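Reader: I'd like to go through this one feature by feature and hear what each label rests on. Could you set every call against its cut-off?

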Amino acid sequence: MAAIVADGIRIAYRREGRGAPLVLLHGAFEDSRAWSDEFDRLTASVDLIAWDAPGCGGSDDIPAGWTDRDWADAAASFLIALGVTSPCVAGFSMGSVVALLLARDHPDVVGSLVLVGAYAGWGGSLDPEALAQRTDAARFTIDHPVEEWADDFLDSVFAPGSMPQRRARARALLDDWRPATTAALLEVMTLDLRPALPSIRTPTVIVRGAQDARSPREAALDVVAALPDARLIEIPDAGHDCTGPELDAVLIAAARSSHEQRSAGA
C-alpha cells in the first residue's frame, strides 16, 4: 500500500482507477480491505481512494488526546496531500461520523457526501439506553478476545442472506483490530453532532439498508431533515452493511456529479 504523512500521522491508503475521485472511509473494526469488492467493481468508473484510518491497518496509531477536530484535520490533510479537489467522500458507519466532521470543519475540501449506515454520532442517533448499551459493548471489545464478541457484532452488521464471503472478510479483519483504537474512538463516536448539521451545506446522500440493526431509521430521517441539502435512499433487504449494485450506483453518480460541478466552476 502507498502512504502519506498528514498532520504528522502516517496514513496508508489504496488508490486505483481513473475518472471522478471517490474517497472511501471505512467503519470501525476494519480498514481499507473492507472495500475490496468495491475496488473490483468500481475502478473502471471512478478514481477510487480508500484510507486506513489512523489506528487502523497500515496507518499509525491514534495520538493521545485526539479530538473530533483532529479527526477532521487529518482527513482534510489526507485529501490535500493526495491533491484531490472537492471529491465525493463516502463514509460507512464510523466513517460517516468522520465524513461529517470533515464537512463541518473543512467544507471547501469536500464536494459531496455519501453516508452509509450513518450516525450523527452515537450521541446524536441513539436514545440514552441504546447509547449506554452501544458504549458498554464497545468497551467489552477492548478487554475481551475477539472470539467472545465477533459473532454478535457481525450479526448486527449483516442482514440474513448477505454475501458469506463479505461477512468472512469482515470476520478476518476483526483479528487485526487494535483495542487501543476502540478506546481512542469512543469519545468521537459518542458525540452528538446534531447541532452542527444545519451548518453542513455539502450535498449529501444518506444510504440505509432497510434491515439495518445498528443505525435506526428515525436517526437517518433526522439527519436528512437537519442537513440543508440531503436525501435518503433505502436499499431493501440490506443491513448496516449494504454493499452491492444499488450502493455502487449511488457512489458512482455522486462522484461524477461532484467532479462535473468542480469542472464547471474551474
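Reader: Which residues are exposed on the other side of H9?

Author: Glu-218 and Ala-225 are the exposed ones there. Exposed means over 50% relative accessible area, buried means under 20%, and partly exposed is what falls in between (1.4 Å probe, protein chains only). Before we go on: this is a predicted model, where local features need pLDDT of at least 70 and side-chain atom pairs count only at pLDDT 80 or more, while totals for chains, interfaces and linings use all residues. Residues are numbered from 1 along each chain as its sequence is written, and side-chain values use heavy atoms, with hydrogens and water left out.

Reader: How do you know that the buried residues of H9 line one face of the helix?

Author: Helix H9 covers residues 217–226, and its buried residues are Ala-219, Ala-220, Val-223 and Val-224. Looking down the axis of H9, these fall within an arc of 140°, so they line one face. The arc is taken from the directions that run from the helix axis to the C-beta atoms. As background, an α-helix has 3.6 residues a turn, so residues three or four places apart point the same way. Helices (H or I, at least four residues) and strands (E, at least two) are DSSP runs, numbered from the N terminus.

Reader: What covers the buried residues of H9?

Author: The cover includes helix H4 (122–125), strand E7 (204–209) and strand E8 (230–235). Arg-231 is in strand E8, and leaving aside neighbours within four places in sequence, Arg-231 is in contact (heavy atoms within 4.5 Å) with Thr-204, Val-205, Ile-206 and Val-224.

Reader: On to the rings. What makes Trp-51 and Phe-78 a tilted pair?

Author: The search of the whole structure finds 7 aromatic pairs. For Trp-51 and Phe-78, the numbers are 5.5 Å centre to centre and 50° between the planes. Rings of Phe, Tyr and Trp (its six-membered ring) pair if their centres lie within 6.5 Å; planes under 30 degrees apart are stacked, over 60 edge-to-face, and the rest tilted, so 50° comes out as tilted. The partners sit 27 residues apart, Trp-51 in strand E4 (residues 46–51) and Phe-78 in helix H2 (residues 68–82). Both Trp-51 and Phe-78 are buried.

Reader: Why is the pair of Trp-66 and Trp-71 called edge-to-face?

Author: Their centres are 5.2 Å apart and their planes stand at 75°, so the edge-to-face label applies. Trp-66, at 12% relative accessible area, is buried, and so is Trp-71, at 1%.

Reader: Which residues have the most contacts inside the largest nonpolar core?

Author: Trp-51, Trp-71, Phe-78, Val-89, Leu-113 and Leu-174, in a core of 64 residues. A nonpolar core is a set of buried Ala, Val, Leu, Ile, Met, Phe, Trp, Tyr and Cys residues joined through side-chain atoms within 4.5 Å. Another core lies apart from that one, with 25 residues, among them Trp-35, Leu-42, Phe-92 and Val-116.

Reader: What makes Glu-16 and Arg-14 a salt bridge?

Author: Their closest N and O atoms are 2.9 Å apart. The rule asks for a side-chain nitrogen of Lys or Arg within 4 Å of a carboxyl oxygen of Asp or Glu, so the pair qualifies. Glu-16 is partly exposed at 34%, and Arg-14 is partly exposed at 26%. Arg-14 also has its charged end over the ring of Phe-39, 4.0 Å from the centre; that call needs NZ of Lys or CZ of Arg within 6 Å of the ring centre and within 35 degrees of the ring normal.

Reader: Which salt bridge links Arg-104 to a distant part of the chain?

Author: The one with Asp-68, at 2.8 Å from N to O. Arg-104 is in helix H3 (residues 94–105) and Asp-68 in helix H2, 36 residues apart. Both are buried. Arg-104 meets Asp-105 in a salt bridge too, at 2.6 Å.
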